[in-house]
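The stops below are meant to be selected in order.

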Amino acid sequence: MDQARSTISKIFNGEPHSYTRFNLTQNMEGDTSQVEMKLSSDVDEEVGGNGVGEHLNHNSNRNCSRKPYATQTFGRTPKNLCFIAATAFLIFIIGYLIGYVVHRKKDLAPDCTASFVTSEDAVLHETGAAPLMNWDDVKSLLSQKLSANRLDATLSDFSRADHRAGSYGDEQLGNKVHERFVSYRMKTWTDEHFVKVQDPPTSGSNSIVFKNSPEERLKGFLSYSGTGSVSGAVLYGHYGQESELRVLKDKSINITERVLLLRAGKISFAEKVANAAKMKASAVLIYPDPTDYSFGDDTDLYGHVHLGSGDPYTPGFPSFNHTQFPPGQSSGLPEIPAQTITQGLAIKILRNLGGPSLPEGWDGFNRLGDLNDTVTVKVNNVLAEKKIINVFGLIKGFVDSDRYVVIGAQRDAWGPGFAASTVGTSVLVELARSISDMVQNDGFKPRRSIVFASWSAGEYGSVGATEWLEGYLASLGMKAFSYINLDGIVTGGNGFKVAASPLMNTLIKNALKEVKNKDRSLFDQFAKSNWELEVLEPMNMDNAAYPFLAFSGIPSLSFRFTAGSSGYQYLGTMLDTQEKLNTATSMQVSQLAETAGRFAGHIALRLVHDHLLQMDLKKYYDIIRSHVVKLKGKVSTVQTMQPQLLPQALTLDWLIMASGSFGRAFRSLEAEIQNSDLEDIEMCRILNDRIMTVERSFLSPYVSPRESPFRHILLGSGPHTLKGLADHLDALKSNNGDANADQFRNQFALATWTIQGCANSLAGDIWALDNEL
C-alpha cells in the first residue's frame, strides 16, 4: 500500500522524469558555473551552443514551493458519505492494481548483481536499478543502427584532399561534425585553442648537400625540429633505437657531431631524434627503407619530433585565448635539426658510404660511413600560431550524468589522411548518430554520459586532445572514467591489435568474444591461443590515447585492424588515400569500419550500461609484482658488482610492502562489493569512484609536467617510472657516468610511496588504510 500511495502521489503531483543537459567545460573568465535543467519533452528544442564556461554537475537543486489550498467543509449528509466511501474504494482499487503491476515488473526485472571483474573467467551480470535495458537488446540495437552502407556515405562525405590542422579544410570538417551532432539533437560545444606549430618554410625549402653533389631540395619535413645549417660526417644508425646506438658506441665509433642517417619505423621520429641528441649527434636524417616501405623513390615523409604531446610552448597548461602565461618550452623539444629524405636520395647516400662494416643483424648497404662522407643539412622550418577547434557532442546519462566516457578521433591530416583521420571521424559521427537514436527512439537509458570529441592538430602530436586535457585536468580526473581512441582503426584486414590500460583487459576480452566480423567473433578470428600475446600491444607515445592514460590518469584504449606484418605503409605520407586503403583491405573498408565501430560502441555502452564499472584491478597487481621481481634481481646484481654505489642496507622491503598493500586493498574492495547492496545507486557510485582513483593515483605527484609530462609510474616515461628505475640500475651496474646512486634511491622512495598512495586511495575511508609502512 505504501508503494501504491507513492505511485498515486506521483501521478497526481505530476512529477515527470527530468532529463538534465549540461556542458562539460569550465568558464575561463571565472564566471559562476551554471547547470541547465531541461525536461525530456524539451530535449528536441535544444540545439547546443558553445560549452566554454559550463561543466557537468551531478547534483542539482530544486526549489519546491507549495501554494495554500482553499478549504471547504462538506456536510455529513448520506449522499456525501456515500460519495466519500465510493471515492475511497475506487482509490483503493486503483492503488492495489498499480502496486501489483509495479511489484510484478520488479519480479520480472533482470538479475542485478555485481559486474565487478576480479578474474578473466568472471561471469558478467547486468547490474543496477531500473530503468535498465537488457544487455543483449543493447547490443542488438547497436548492430541494427551501424551499417556498412551508412558508413560508406559518411566516408565519402568526410573525405578531403587537404585538411591540415588550422586550415580552411580542417575548419570546414569541424563545422560538418558540429552540424551532424546538432542534427542528432545532442548537446554540442566547441573549444578554440591558439597553438604554435612548426611548418615548412613559406619561401625557399629545406635541403641537404652530400659531398660534392648538387643541393637536394626537400618537400617532406618534421615539425618542431631544431633549425639552422649543420655540417657533419654521415653515420648510419639503423632505426636509431637506444640499444642500437649503444652498439656503435661499444665499437668505439664516435657519434659526437655526426649526422645520423636512420630508417623510419620501430620507434617514433621523436624518440629517434631524442636518442641521437643524447649521443651528441649534430643532426638526424630519416628515410623509408625499401625493406620496410614498398612505395616509390620520391615519396616524402611528414611528422613531428616533439618528445611529448600538445603545444610544446605551453607545457602543462592550455593554449586558450593566446595564452599570456610566462614563456615556456617543453623539455621534449630537440635542439638539433631533423629532416626526412626520400628513399631514392637515401639510397644514393648509402651506396657511397665508407667506413666500418655493419654490426651483425643490421640491414643496409654494408658500410656505416667515415669522416669523409660529409653532408650539410639546412632546416628552415617556421613557427606559426594557428587557431584549432575541437568539437564535442554529449549524450547525457540518466543516473550518474556527471560521469562520462569520451570517444575521440583526430580530424586533421598532412594530406588526404584517409586511414589516419577520415575513417575514425566517420565512425565517430556514425556512433554518435546510432547511440543518440537508441536513446531518443528505442528507450535505451545510459546510466552515465558519453562525450564524442573531434580533435584538431593530431598530426602535430595530439595537440588538440592534450590542450583540452590540460585545460580541464582537475575536473576530468574526477569525472572521465575512460577514453576510446578511433584514430587509424582500419589499416588492413589481416590482424587486430589493442593497446589499453591493464584495467580494461577483461572488458576487451569480452568485447572480442561478443563482436563479430564476417560471422566470426573477433576473438575466434584473431586470438588463436593466447589472446593477450596475440591481440594486446604496448601503447606508444605516438598513440592519441597515450596522453589520456599517462598524462591524465584516465583508463584508455586504442585499437586497429592491421595489414599483418608488413603494416600499412602510407601513414604520414600524401599517399594515404581511399584507393590505397581499399587495396590494403581488399575493398572492405566500410565493412571493417562497421566492425570497428561496433567494437568501440560495445565497450562504451558496456561502461555506461552497467551499474558497477568493469575494471580489472588484479592486472595492475600482477604488473607491480613483476616489476618488484625484476628490480630485486637488479639491485642484488649492482650490490655485488658495484658495492660502493649501493650499500647492502638498501633493500626492496618498502616496495614489497607497498605492493602487498595494493593487493590487500583491491581484495578488500572485492569483498566489500560482494557484501554490498548493489541496488543502492549511491553505494555503487562510491564504489565506482574508488575504482576510478586507481589509474589517476599511479601518476607521480613528484615530477613536473614540463619535465616529465607522462607521469604514470607503470606506463609513463621518465626516471620516475619503475622501468626508469630498472634502467638506472643497469647504468649503475656498468658504472655509467650518467648514473647517480643518490638520485636512484630518491626516485625509488618516491615510486614506492606513489604505489602506497594508490593502495590508500583504493582502500577508501581513512580508517580503512593499511598502516604497515
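This is a predicted model: local features need pLDDT of at least 70, side-chain atom pairs count only at pLDDT 80 or more; totals for chains, interfaces and linings use all residues.

Residues are numbered from 1 along each chain as its sequence is written, and side-chain values use heavy atoms, with hydrogens and water left out.

**Aromatic pairs**

Searching the whole structure gives 27 aromatic pairs. Rings of Phe, Tyr and Trp (its six-membered ring) pair if their centres lie within 6.5 Å; planes under 30 degrees apart are stacked, over 60 edge-to-face, and the rest tilted.

Select Phe 221 and Tyr 302: the pair is edge-to-face, with 6.0 Å centre to centre and 80° between the planes. Phe 221 belongs to strand β6 (residues 221-223) and Tyr 302 to strand β10 (residues 302-304), so the pair ties together parts 81 residues apart in sequence. Helices (H or I, at least four residues) and strands (E, at least two) are DSSP runs, numbered from the N terminus. Both Phe 221 and Tyr 302 are buried, where buried means under 20% relative accessible area, exposed over 50% and partly exposed in between (1.4 Å probe, protein chains only).

Next, select Phe 526 and Phe 561. Their ring centres are 6.1 Å apart and their planes at 70°, so this pair is edge-to-face. Phe 526 is in helix α13 (residues 522-526) and Phe 561 in strand β20 (residues 556-562), so the pair links parts 35 residues apart in sequence. Phe 526 counts as buried at 10% relative accessibility; Phe 561 is buried at 0%.

**Charges over rings**

Show Lys 266, whose charged end sits over the ring of Tyr 239, 5.4 Å from its centre. The criterion is NZ of Lys or CZ of Arg within 6 Å of the ring centre and within 35 degrees of the ring normal. Arg 667 lies over the face of Tyr 621, at 5.6 Å from the ring centre.

**Cores**

Which residues have the most contacts inside the largest nonpolar core? They are Phe 452, Phe 559 and Phe 599, in a core of 163 residues. A nonpolar core is a set of buried Ala, Val, Leu, Ile, Met, Phe, Trp, Tyr and Cys residues joined through side-chain atoms within 4.5 Å. Another core, of 27 residues, lies apart from it and includes Tyr 483 and Phe 710.

**Helix α19**

Finish at helix α19 (residues 653-674), whose buried residues include Leu 655, Phe 662 and Ile 673.
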